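Biologist: I have the file open. Walk me through it, please.

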Amino acid sequence: MADRPQRRRWRAAAVVAATALSLLGGVALAGKLVSDRLVAADPDALAANAASVRFGRAHGALLFREHCAACHGADGRGDPAAGAANLADRDWLYGSGRTSEIEGVIAHGIRAEAPKTWKLADMPAFGRARPSAADPTLQPLAAGEVSDLIDYLQAVEGRGPGAPAAERGRVVYTARGCHDCHGADGQGDPGIGAPNLADDVWLYGHGGREDIRRSLLDGRRGRCPAWADRLSPGEIRQVALYVHSLSETAR
């Protein structure tokens, strides 16, 4: 049988353990209360609230590293080789960077198996005999058309040559319906996720001739998982606040 000093040590240890469990439970409860309040609030208004941003950034960063960093990198700066968007700049492919829009992408994904996923824009593969499953009338591009179109796109960005190759490329751009998604001026459409081709931000590669050629010939159809069935609404909002904060600190 244990002696009296040993029994006192056991009781003291039990009190410490119970206190620690109580504190941990209190922290968890407090975290849940804050998370519930985040979900109940206007997500775009939260981005202007310093306390909410601090909470979202602290908790969202952990979730981001666990679920998103494999594609977008631990720092959120993406991977142009794989077409994983840089989330730490102010250039947005879907929407304008509001927290509610980021939250929607996280929840429903891009071309994911989810009813509300974003899937309005697919880049045809003009190097294939049948460039687009959605439009069976679309024909592949000839080698000269590809070269002229590259010249035009680089001219739109301000880094390539001008006429006459770029002018021929402009004709191809219009005739093949590129403007339907990317706009007549090449500035894209964030409503459907069509990239802006007139700036120096590139989703795939860095805007070199071979980068553009690969996109034209192979097509692009990037994907992002839908997390609505794997993360709680509070967790999704925390990640959205974290991602929003990455862009807000970009310079």
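Modeller: One term to start. A helix here is a DSSP run of H or I with at least four residues, and helices are numbered from the N terminus. Also, this is a predicted model.

Biologist: Fine. Where is A226, then?

Modeller: A226 sits in the loop between α9 and α10.

Biologist: Is A226 buried or exposed?

Modeller: Buried. The relative accessible area of A226 is 14%, and the cut-off for buried is under 20%.

Biologist: What does A226 touch, leaving out residues up to four places away in sequence?

Modeller: I106, A107, H108, G109, A112 and A114. Two of those names, I106 and A107, come up again among the buried residues of α5.

Biologist: How far is A226 from R111 in space?

Modeller: 8.8 Å, C-alpha to C-alpha. In sequence, A226 and R111 are 115 residues apart.

Biologist: Where is R111, and what is its relative accessibility?

Modeller: R111 is in the loop between α5 and α6. Its relative accessibility is 10%, so R111 counts as buried.

Biologist: What about the phi of R111?

Modeller: Phi of R111 is near 50 degrees, which is positive, and R111 is not a glycine. For context, most residues other than glycine have a negative phi.

Biologist: What follows α5?

Modeller: G109 does. The phi of G109 is positive too, near 75 degrees.

Biologist: Is α5 itself mostly covered or mostly open?

Modeller: Mostly covered. α5 runs over residues 99-108, and seven of its ten residues are buried. They are T99, E101, I102, E103, V105, I106 and A107.

Biologist: What do the buried residues of α5 pack against?

Modeller: Against α2, residues 43-46, and α10.

Biologist: Let's zoom out. How many helices and strands in the protein?

Modeller: Ten helices and zero strands. Read along the sequence, the pattern is α-α-α-α-α-α-α-α-α-α.

Biologist: How many residues, and what share is buried?

Modeller: The protein has 251 residues, and 38% of them count as buried. For contacts between residues at least 6 apart in sequence, 62% join residues at least 24 apart.

Biologist: Back to α10. How do α3 and α10 cross?

Modeller: At roughly 100 degrees, with the axes coming within 7 Å. α3 covers residues 50-67 and α10 covers 233-248. The two helices are therefore roughly perpendicular to each other.

Biologist: Which residues make that contact?

Modeller: From α3, they are S52, V53, F55, G56, R57, H59, G60, A61, L63 and F64. From α10, they are E235, Q238, V239, L241, Y242, V243, S245 and L246. By class, that contact has ten nonpolar, six polar and two charged residues.

Biologist: Now α6. At what angle does α6 pack on α7?

Modeller: About 100 degrees, with the axes 7 Å apart. That makes α6 roughly perpendicular to α7. On the α6 side, the contact uses E145, D148, L149, D151, Y152, L153 and A155. On the α7 side, it uses A165, A166, R168, G169, R170, V172 and Y173. The contact of α6 with α7 divides into eight nonpolar, one polar and five charged residues.

Biologist: And how do the axes of α6 and α9 meet?

Modeller: The axes of α6 (residues 143-157) and α9 (residues 209-218) come within 10 Å and cross at roughly 120 degrees. That makes α6 oblique to α9. The crossing of α6 past α9 is right-handed. α6 brings V146, S147, L149, I150, D151, L153 and Q154. α9 brings R209, I212, R213, L216 and L217. The contact of α6 with α9 counts seven nonpolar, two polar and three charged residues.

Biologist: Last topic. How many aromatic pairs in the whole structure?

Modeller: Three. One of them is Y152 with Y173, a tilted pair. The rings are 5.3 Å apart, centre to centre, with 55 degrees between the planes.

Biologist: Where do Y152 and Y173 sit?

Modeller: Y152 is in α6 and Y173 is in α7, residues 165-175. They are 21 residues apart, and the pair links distant parts of the chain.

Biologist: Are those two tyrosines buried or exposed?

Modeller: Y152 is buried, at 12% relative accessible area. Y173 is buried as well, at 2%.

Note on methods:
Residues numbered from 1 in each chain as written. Predicted model: local features only at pLDDT ≥ 70, side-chain atom pairs only at ≥ 80, totals over all residues. Heavy atoms only, no water. Axes fitted to C-alpha atoms, helices over the stretch in contact; angles between N-to-C directions. Parallel < 35°, antiparallel > 145°, perpendicular 65-115°, else oblique. Left-handed = near helix turned anticlockwise from the far one by under 90°. Contact = heavy atoms within 4.5 Å. Nonpolar A, V, L, I, M, F, W, Y, C, P; charged D, E, K, R; others polar. Phe/Tyr/Trp six-rings, centres within 6.5 Å; stacked < 30°, edge-to-face > 60°. Buried < 20%, exposed > 50% of the residue type's maximum accessible area, 1.4 Å probe, protein only.
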